[in-house]
Amino acid sequence: MTELKITSKFTIFHTNTELTKQDQELLNKAIEARDKAYAPYSNFCVGVSILLENGKIVLGNNQENAAYPSGMCAERVAIWTAAAQWPKTKVLKIFISANSSKKIVDKPVSPCGACRQSLSEYELNQGSNITIYFTGETGNIIQSDSIKDLLPLTFDNTLL
Ligand code: THU
């Protein structure tokens, strides 16, 4: 028997002014998308901006439904929108912001497991890392250099 230890690296930014100007703009775009989320059932709004290698910025937000499981998370709305429009263009960065009308979201909101799995597929296919930043409404912004930090031991298509 052997032991496998897996480490993940995250950088914590204490305020958005610690980000580069371009990254601040990308975070602002995620906030703009968040404010357009359709979340009448949870009142939990998530917005995402994606920077592509061709310089395009793609936005997404969560879209809920009266039949609850028919809704979709912001991260998958955004990555699928990007993949639908620019299927061969690499994703460089993803920014996520979340808030709620019920409470102040003061902790970074990381993508759910299903979104991690979906994002991972695109990172593996493009053969280069996707940088991910996630935050709440206030508080720290957490950054990682790869989706692998969020989802080690990913299920991927080499296993099929
Ligand atoms: N949500 C996202 O958009 N992204 C996540 O990673 C987690 C959750 C959405 C789904 C639902 O509309 C609301 O947040 C509450 O779960």
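Among contacts in the chain between residues at least 6 apart in sequence, what percentage join residues at least 24 apart? The figure is 66%. This is a predicted model, and the rest of the tour follows its chain from overall build to individual strand pairs.

Start with the elements. The chain holds 3 helices and 6 strands. In sequence order they follow the pattern β-α-β-β-α-β-α-β-β. The C-alpha trace spans about 50 × 40 × 40 Å along its principal axes. As for burial, 42% of the 160 residues count as buried. The exposed surface comes to about 9000 Å². Carbon and sulfur atoms supply 55% of that area.

Now the sheet. The 6 strands form an open sheet, with mixed pairing, in the order β1-β6-β5-β4-β2-β3. Its edges are β1 (11-13) and β3 (57-61), each of which pairs on one side only. From one strand to the next, the twist averages 15 degrees. Strands of a sheet pair through backbone hydrogen bonds, either parallel or antiparallel.

Take β4 next. This strand covers residues 91-100. With β5 (residues 131-135), β4 pairs in the parallel sense over 5 bridges. Here Ser97 stands opposite Thr135 in β5. With β2, β4 pairs in the antiparallel sense over 9 bridges. In β4, Ile96 stands opposite Val48.

Move on to β2 itself. Is this strand mostly covered or mostly uncovered? It is mostly covered, with 8 of its 9 residues buried. β2 also runs antiparallel to β3, and 5 bridges join the two. Ser49 stands opposite Leu59 in β3. These two strands make a hairpin with 4 residues between them. In that hairpin, Gly55 takes a positive phi near 90 degrees.

Helix α1 is made of residues 21-34. Which strands does α1 lie across? They are β2 (44-52), β3, β4, β5 and β6 (141-144). Relative to β4, the helix runs at about 50 degrees.

The β5 pairing is parallel, and the β2 pairing is antiparallel. β3, an edge strand, pairs with β2 in the antiparallel sense. Helix α1 lies across β2, β3, β4, β5 and β6.

Methods. Residues numbered from 1 in each chain as written. Predicted model: local features only at pLDDT ≥ 70, side-chain atom pairs only at ≥ 80, totals over all residues. Heavy atoms only, no water. Pairing = 2+ DSSP bridges. Axes fitted to C-alpha atoms, helices over the stretch in contact; angles between N-to-C directions. Contact = heavy atoms within 4.5 Å. Buried < 20%, exposed > 50% of the residue type's maximum accessible area, 1.4 Å probe, protein only. Areas by Shrake-Rupley, 256 points an atom, 1.4 Å probe, with all protein chains shown as cover.
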